[in-house]
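Dear colleague,

I am passing on a structure for you to look through, and below it I have written out what was found. Please keep the picture open while you read.

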Amino acid sequence: MQSSSSDSYAQLDDNPIRFQPVSEQTNVFYDAVQSHLFTVEKADSNSLLVRVQPCQSSSLSDSTKAFSFRLKDCGEVKSMKFSADCRILAVQRSSTAVEFVNFATAGGAADTVEYSQTCKTKAAQILGFQWTQAANHEVLYVTDCGLELFSVTPEKRSLRLVKSAAQQCNWYAWHHAAGTAALSSGPLSNQFSMFKIGQSSLVKTPRFEVDLPHAPSSSLASSNAAGGGSVGIGGRQPLRERDVFLAELYGQLYLGVLKHYVKPGGGSATEIALYQQPSSDSAGNPRKSDLLVLQQGGRLAVSIVDNLVLVHHQRLQRSFAFDIALPAETDGYLRYHQPVTVEAMPLAWSQPQRQQQKQLPRAGSQQQQQPQDAAATQLYSQSWIFFLPDVIVDAQAGLLWRIRIRPDRLSALMFPMDPGRCLHCLHLRANAKIDTANALRRLMLLLTSAEPPAAADAIATASVTTCLPVLAYALDLLAAQESPQPGPLPSPPPPPPPSPFDFAANESPSAYSSLSGMASFSQQQQQLLSLPARAPDPLTQSDLYVHLLAEGPATEAEYKAQVFVILEFVRALNDRNVPVQHFLFETLVRALVTTGRFGELHQLIQYHVISDSKPIACLLLSLQSLYPPAHQLALDMMKRLGSANEEILEVLLSQGRVLSAVKFLRSVGKFDSVAAHKLLEVAFESGDWRQFYSVFRALEQRNARLRGSAAFQPADHCQRYVAEFAGRFGQTALGQLRAL
């Protein structure tokens with residue numbers, strides 16, 4: 001079954017960056033750290049014209065404005081990169097030195113004087129250089145003999161060696177945000193030394209070795225016939241630079257290695273091994289933690305978008321997405337991941353891009369080769385170059401794209417097969433709140449729908465008892481993100497059979513573990529394990545209410561589903577000691593009242609499932625006509641709060657229960673401060689003269705205790721009630737204090 005590209009969850013930018021294509025006169029360089037695109041062409045016999053085009057927000061004051069400058073033509077340019085503040089340009093023309101050019105301001109005029117720095121190690125060859133995150137302009141040389149860290153002083157046009165480390169190196173990988181360099185060494189290039197580059201410091205972590213699969217004899221024979229490069233040792237081919245990358249996933253740094261091998265039954269396949277690097281605040285050695293299993297072999301490229309690992313297959317013109325935070329099968333050592341969707345999807349053009357292309361201004365003559373129209377370029381072209389994390393450059397077409405993820409289309413593909421896995425995946429995506437809420441609503445509709453489900457929905461064909469655990473699992477995930485202390489994630493519910501993510505439905509992971517040098521294990525020994533990961537933009541209690549609960553249900557079945565969702569969410573929040581917002585309880589109370597489940601409401605309040613709060617107490621007071629015990633439940637709740645004394649007094653007085661109000665005030669120690677006329681007014685208007693007499697005598701006792709006299713003062717505003725008391729009980733009754 002072939003999917004349309006319009007269904008793809010991985011899309012290219014609406015408006016690609018356009019630049020002068022590569023030609024005999026033009027070279028193009030891309031700096032993935034600063035997101036700068038350099039176009040270099042010969043201006044005259046002595047100088048080069050360099051155009052710089054920022055590809056996203058950077059340190060330039062106007063990140064959308066391109067600028068140009070001239071450099072001396074001193075030979076072929078191999079690489080060029082700006083410092084973090086765009087005040088110093090580093091240019092590599094040879095394998096022994098790097099040249100530097102100062103700029104007055106970011107994007108301003110270039111200095112006419114250039115200065116350079118050679119390697120300090122004799123006979124060393126520069127493999128590459130990187131600007132570090134240091135505030136004082138530090139540049140790192142990576143050579144075949146190790147690392148050299150220099151401090152640049154632009155005012156003096158000089159560099160000073162601040163740190164160096166000796167280490168044989170074949171090639172290297174770099175991650176700027178983590179400030180980490182991975183140096184490859186050994187005859188098979190599978191031994192890695194990791195260096196953490198800080199402020200004028202180089203910290204080396206323990207070296208580790210990457211296991212390599214045995215290459216088939218045909219591959220070795222073709223390598224011998226090609227004559228060039230290393231043939232291999234012990235049936236294993238050397239690791240290539242293009243098969244290794246450094247990437248950050250869910251805040252953790254990984255070294256990724258693409259391993260190509262032949263499957264036991266014939267045909268090629270690939271697995272991507274992820275080696276987790278120890279965090280900066282913890283000691284330890286890098287360890288192989290995850291294995292991304294791909295059933296296809298061939299030319300591959302990797303992108304990292306929204307913590308998803310996208311593996312692009314050029315021959316198939318498809319991309320596979322992996323999420324290492326989703327529950328995966330494990331043997332106790334490795335977690336085995338398969339693509340998040342059953343079917344690989346191609347990268348897709350966005351619709352606005354097909355309709356209109358936005359071309360950024362650029363200088364140059366009209367005779368120069370023009371960039372191609374983006375919609376007319378071939379997807380997965382041979383000229384595509386992938387830069388981590390999410391950039392694709394087509395130098396021949398003169399186009400640069402960024403890849404973005406469409407959570408809505410990801411949901412459309414994943415939900416019919418496994419809604420629990422779909423909700424977990426959406427939960428971990430950025431800007432996917434609405435899509436997560438829509439998936440939850442869709443699951444709720446499956447519980448309440450009277451119509452037969454579509455055959456395409458595997459979960460819809462299951463019983464209600466299958467849907468309920470999935471909802472509970474999703475709500476557990478949401479609650480886990482609100483907990484201040486990370487804890488274990490809930491166990492995922494079993495997917496509806498047959499699941500495309502079950503190894504038993506495809507191939508046993510033991511087939512891959514044997515290729516990776518690990519012992520096989522049985523299905524009974526496998527278990528699902530989730531990676532604890534913080535969602536970048538989780539669905540909060542407020543979001544759940546706005547997007548899922550605010551719109552009132554229309555049927556009794558929908559009310560019951562709403563009650564289940566709220567109760568499960570409350571349980572998950574309470575398990576993690578997260579306070580539940582009152583609006584969730586209010587919605588729960590209204591749903592129970594609407595369906596006439598007053599007994600259940602009474603129990604939930606008595607057993608403190610519904611937490612005490614003033615809004616809930618006020619809501620219970622309003623339900624007295626429908627359920628009379630709700631009034632006493634409200635008063636008891638206010639009493640437990642300890643901060644609603646004024647509200648309790650007003651409720652009792654509004655019902656004419658003055659003696660109950662007096663007893664309550666005495667129990668909380670507030671009787672001496674209440675206004676006398678407030679109590680006497682309610683007692684008088686009740687028409688119960690016994691009650692009026694008791695309240696009047698209680699206030700006289702208070703006056704005698706506080707003032708030494710039982711008489712009321714003019715400031716008490718009780719003259720009317722004193723006269724009424726004397727007229728009904730006699731003038732001699734005034735001041736005759738007796739215990740109530």
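Two residues are said to be in contact when they have heavy atoms within 4.5 Å. With that meaning, and bearing in mind that this is a predicted model, Leu-680 touches Phe-692, Val-695, Phe-696, Leu-699, Phe-712, Cys-718 and Tyr-721, where residues up to four places away in sequence are not counted.

Leu-680 also belongs to the largest nonpolar core, which has 110 residues, and is one of those that touch the most other members, together with Leu-12, Leu-440, Ile-610, Leu-620 and Leu-679. Helix H9, residues 556-575, gives the most to this core, with 9 residues. Because domain 1 (407-450 + 463-481 + 537-595) and domain 2 (642-739) both give residues to the core, it lies between them. In soluble globular proteins, nonpolar side chains tend to be buried together.

For the protein as a whole, there are 18 helices and 32 strands, and buried residues make up 51% of the 740 residues. Among the contacts with a separation of 6 or more, 56% come from residues 24 or more positions apart.

Finally, there is an open sheet of 4 strands, in the order E11-E12-E13-E14, with antiparallel pairing. Its edge strands, E11 (126-131) and E14 (158-166), each pair on one side only, and neighbouring strands are turned by 20 degrees against each other on average, direction ignored. Within this sheet, strand E12 (residues 138-143) is joined to strand E13 (residues 146-153) by 6 bridges, and Thr-143 stands opposite Gly-146 in E13.

With best wishes

Terms used
Residues are numbered from 1 along each chain as its sequence is written. This is a predicted model: local features need pLDDT of at least 70, side-chain atom pairs count only at pLDDT 80 or more; totals for chains, interfaces and linings use all residues. Side-chain values use heavy atoms; hydrogens and water are left out. A nonpolar core is a set of buried Ala, Val, Leu, Ile, Met, Phe, Trp, Tyr and Cys residues joined through side-chain atoms within 4.5 Å. Buried means under 20% relative accessible area, exposed over 50%, partly exposed in between (1.4 Å probe, protein chains only). Helices (H or I, at least four residues) and strands (E, at least two) are DSSP runs, numbered from the N terminus. Domain bounds come from an automatic or database domain assignment. Two strands pair if DSSP finds at least two bridges between them. Axes are lines fitted to C-alpha atoms, for helices over the stretch in contact, and angles run from 0 to 180 degrees between N-to-C directions.
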